[in-house]
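User: Hi! I am new to protein structures and would like to go through this one step by step. Could you help me read it?

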Amino acid sequence: MIDPIRPAIVDRLRSRGIVDGVTVERVTIGDAAVLVELAGVRTAPRSDSESAESDEGTRTAGLAHRPPGESISTDGVEIETLLRWATLETADPATVSDRDGDGTGAGESAQSDATADGDTALRTALGVAAINALSAPCIEWQTGDPMALLDPSVDVIATVGVFRPAFRKFSDVDVRVIERGDVGPVSAPDDVRVTTFRPVDATTAMADADVVFITGSVFVYGGLERYLEVSPADATVVLIGATASGLPEPMFEAGVDVVAGAEVAAPDRVREAVKSGACGTDLHDAGVRKVYTMADGVADPDRGLRGPATTDERVNRSEGANDTIDGGERRSDTIDGGERRSDTIDGSDSNQ
């Protein structure tokens with residue numbers, strides 16, 4: 001059994017002394033995303049390192065998916081409160097009884113936490129955003145989108161969440177989508193064969209998958225550890241979305257191969273965008289960069305992903321894609337003649 005990953009990230013941050021002396025500057029709750037801005041974040045422990053003595057800390061920001069529900073007051077919230085929220089227990093979607101048939105049911109453990117802490121999902125999201133902000137200076141990100149690195153030899157892809165825009169990047173492949181609710185029609189090229197499954201059938205959906213993409217929203221809704229347990233041992237597992245931007249080491253140790261998150265490069269602009277309800281490409285335009293980091297040995301065609309593009313390859317791509325975002329997807333308000341872009345910050349319209 002895989003130990004809970006969010007508490008493991010918090011423990012790793014504490015062990016490095018990164019949490020010490022950090023203060024919360026701002027918390028912004030939008031319609032689609034939340035943003036936590038911190039001050040005094042250091043990359044070295046404060047006790048015995050020369051670099052720590054000269055490091056006054058920096059301001060950082062972290063994003064997370066905003067779950068549905070009423071907002072909460074965050075006046076005077078402190079970093080320790082946010083980290084406690086980051087470790088709240090959430091229900092595994094495969095064991096939740098969806099009483100209303102809309103993917104919003106809650107298990108007993110989640111309900112007990114909700115009784116003590118109000119809106120558990122939103123508080124968890126704010127805690128995850130704080131984890132991401134604390135982790136930001138510690139990660140050596142590469143810029144880009146791992147979905148663009150998919151090797152042509154891949155035959156079967158499993159996704160937790162519906163990554164609608166990404167399906168246009170696929171060719172001659174079976175895509176098995178795991179979702180809590182009905183996903184409706186999914187536009188895809190003729191040779192991309194999409195079937196859908198509920199979380200309880202995740203083992204069946206992932207059988208023989210070459211690559212598994214898991215939306216970062218599972219950090220908010222729960223179920224990540226179970227999805228990792230049922231992923232094929234030889235599949236490449238990619239945890240993707242702005243919500244999945246914490247320290248990657250605990251995720252790698254749990255079985256994730258690629259962490260594909262987001263870097264907040266322009267906090268002031270991103271804050272205003274979050275306030276206005278922006279998500280997806282609109283946040284990228286405001287100053288959020290798609291980034292990723294890989295565990296050792298992942299960039300191999302036998303694992304389903306190619307290595308990052310060389311300088312010459314990036315130049316060749318840019319010549320034909322001057323109006324693209326993050327070296328990949330072309331900006332557009334609609335997809336395939338009508339389908340809208342993803343309406344969450346994690347690249348899927350998932351309520352996982």
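Predicted model: local features only at pLDDT ≥ 70, side-chain atom pairs only at ≥ 80, totals over all residues.

User: How many helices and strands are in the chain?
Analyst: Residues are numbered from 1 along each chain as its sequence is written, and side-chain values use heavy atoms, leaving out hydrogens and water. Helices (H or I, at least four residues) and strands (E, at least two) are DSSP runs, numbered from the N terminus. Counted this way, the chain has 12 helices and 13 strands.

User: What percentage of the residues count as buried?
Analyst: Buried means under 20% relative accessible area, exposed means over 50%, and partly exposed lies in between (1.4 Å probe, protein chains only). Among the 352 residues of the chain, the buried share is 53%.

User: What share of the contacts with a separation of 6 or more comes from residues 24 or more positions apart?
Analyst: A contact means heavy atoms within 4.5 Å. Take the contacts in the chain with a separation of 6 or more: residues 24 or more positions apart account for 68%.

User: What span does helix α5 reach from its first C-alpha to its last?
Analyst: Helix α5 covers residues 120-135, which is 16 residues, and 15 of those 16 are buried. The expected span of a helix is 1.5 Å times one less than its number of residues. For α5 the expected value is 22 Å, and the helix comes close to it, reaching 22 Å.

User: Which strands pair with β6?
Analyst: Two strands pair if DSSP finds at least two bridges between them. Strand β5 (residues 156-160) pairs with β6 in the parallel sense over five bridges, with Ala 158 having Arg 176 of β6 as its bridge partner. β6 also pairs in the parallel sense with β7, over six bridges, and there Val 177 stands opposite Thr 196 of β7. The partners of β6 are therefore β5 and β7.

User: Is β6 mostly covered or mostly uncovered, and how many of its residues are buried?
Analyst: β6 is a strand spanning residues 173-178. It is mostly covered, and the number of buried residues out of six is five.

User: How many salt bridges are there?
Analyst: Side chains of opposite charge can pair when their charged atoms come close. A salt bridge is a side-chain nitrogen of Lys or Arg within 4 Å of a carboxyl oxygen of Asp or Glu. By this rule, the count is 13.

User: How many residues apart in sequence are the parts tied together by Arg 16 and Glu 249?
Analyst: The side chains of Arg 16 and Glu 249 meet in a salt bridge at 3.7 Å, N to O. Arg 16 lies in the loop between α1 (5-15) and β1 (23-29) and Glu 249 lies in helix α9 (residues 249-254), so the parts they tie together are 233 residues apart.

User: Which residue forms a salt bridge with Arg 193?
Analyst: Arg 193 sits in strand β7 (residues 192-197), and its partner sits in strand β6, 19 residues apart. The salt bridge has an N to O distance of 2.5 Å, and the partner is Asp 174.

User: Is Asp 182 buried or exposed?
Analyst: Asp 182 forms a salt bridge with Arg 198 at 3.0 Å, N to O. Arg 198 is partly exposed at 37%. Asp 182 has a relative accessible area of 75%, so it counts as exposed.
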